[in-house]
Amino acid sequence: GRMLYLKVFTNNDQLHNLDSCEVIHGKFNFMGMIDSTSMGELFMDNESIMPIVLENANLNIKLNNLEQRVSGGSLNNKLYRYLEQKSQLETQIVELSNREAHLILTGHDPRKVHKKLAGKADELYSKLEKLETDFIIENNRNILGTTFFMVLCSQYPYPIMTSQIKRILKETSPAFHRLPFVQGYLRAAESNMQYLQLN
């Protein structure tokens with residue numbers, strides 16, 4: 001009996017209701033036509049549950065306590081493979097952090113524990129960064145590359161150039177560089193980097 005809402009981002013980055021439906025006996029259905037591929041989100045009442053790519057395909061959405069997944073379209077398949085790999089790495093990072101805390105709490109020397117586990121932590125963070133970078137580069141000609149470049153950039157308090165962003169820009173197409181968000185971010189980042197060098 002709960003309501004699901006399918007929302008998409010408008011040109012000014014605001015979420016707009018595209019469709020809604022009621023969940024009846026654990027099933028729901030959205031129908032409609034779109035004129036271009038776009039990134040959206042599925043909401044239950046006012047809570048964002050999961051991302052979805054609106055593409056020209058019959059999409060199957062699984063939503064339960066064990067799994068949240070969209071399949072049936074090539075971009076959604078890519079998206080959820082990526083999210084699964086990212087989640088696995090993030091889980092390993094949390095487990096390593098918990099292991100470090102447990103060892104320290106059981107009387108081991110914090111410096112020795114950190115030294116022992118630091119290499120594994122660096123390796124996991126490097127894998128996570130490579131996964132993000134490769135995903136954006138591989139998808140720089142579709143909505144996934146654009147969206148996840150924006151997600152990556154939004155984690156910084158202000159636009160800056162990092163080695164990861166430089167690699168992405170080096171290996172993406174001219175069309176990607178011409179996207180309004182990418183152009184705006186680059187201009188702001190270059191200005192900020194010049195300011196930081198002067199001060």
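A residue is called buried here when its relative accessible area is under 20%, exposed when that area is over 50%, and partly exposed in between, with a 1.4 Å probe and protein chains only. The model is predicted, so local features need pLDDT of at least 70 and side-chain atom pairs count only at pLDDT 80 or more, whereas totals for chains, interfaces and linings use all residues. Residues are numbered from 1 along each chain as its sequence is written, and side-chain values use heavy atoms, with hydrogens and water left out.

**Salt bridges**

- With a salt bridge taken as a side-chain nitrogen of Lys or Arg within 4 Å of a carboxyl oxygen of Asp or Glu, the count comes to nine.
- One of them joins the side chains of R2 and D45, with an N to O distance of 2.9 Å; R2 lies in the segment before β1 (3-9) and D45 in the loop between β3 (38-44) and β4 (47-54), so this pair ties together parts that are 43 residues apart in sequence.
- Both ends of this pair are partly exposed, R2 having a relative accessible area of 45% and D45 one of 31%.

**Pairs within helix α2**

- Helices (H or I, at least four residues) and strands (E, at least two) are DSSP runs, numbered from the N terminus, and helix α2 covers residues 110-138.
- K120 forms a salt bridge with E123, the closest N and O atoms being 3.9 Å apart, and these two residues, three apart in helix α2, are separated by about one helical turn.
- K120 is partly exposed at a relative accessible area of 36%, and E123 is likewise partly exposed at 36%.
- D134 and K130 meet through their side chains in a salt bridge of 2.6 Å, N to O, and they stand four residues apart in helix α2, which again corresponds to about one helical turn.
- D134 counts as buried, with 16% relative accessibility, and salt bridges link K130, D134, R167 and E171 in a network.

**A buried charge without a partner**

- Which side chain of opposite charge is nearest to E132? With Lys and Arg counted as positive, Asp and Glu as negative, and His and the chain ends not counted, that side chain is K86, 4.6 Å away, and E132 is buried yet has no salt bridge.
- E132 is found in helix α2, and, leaving aside its neighbours within four places in sequence, E132 is in contact (heavy atoms within 4.5 Å) with Y82, K86, L152 and Q164.
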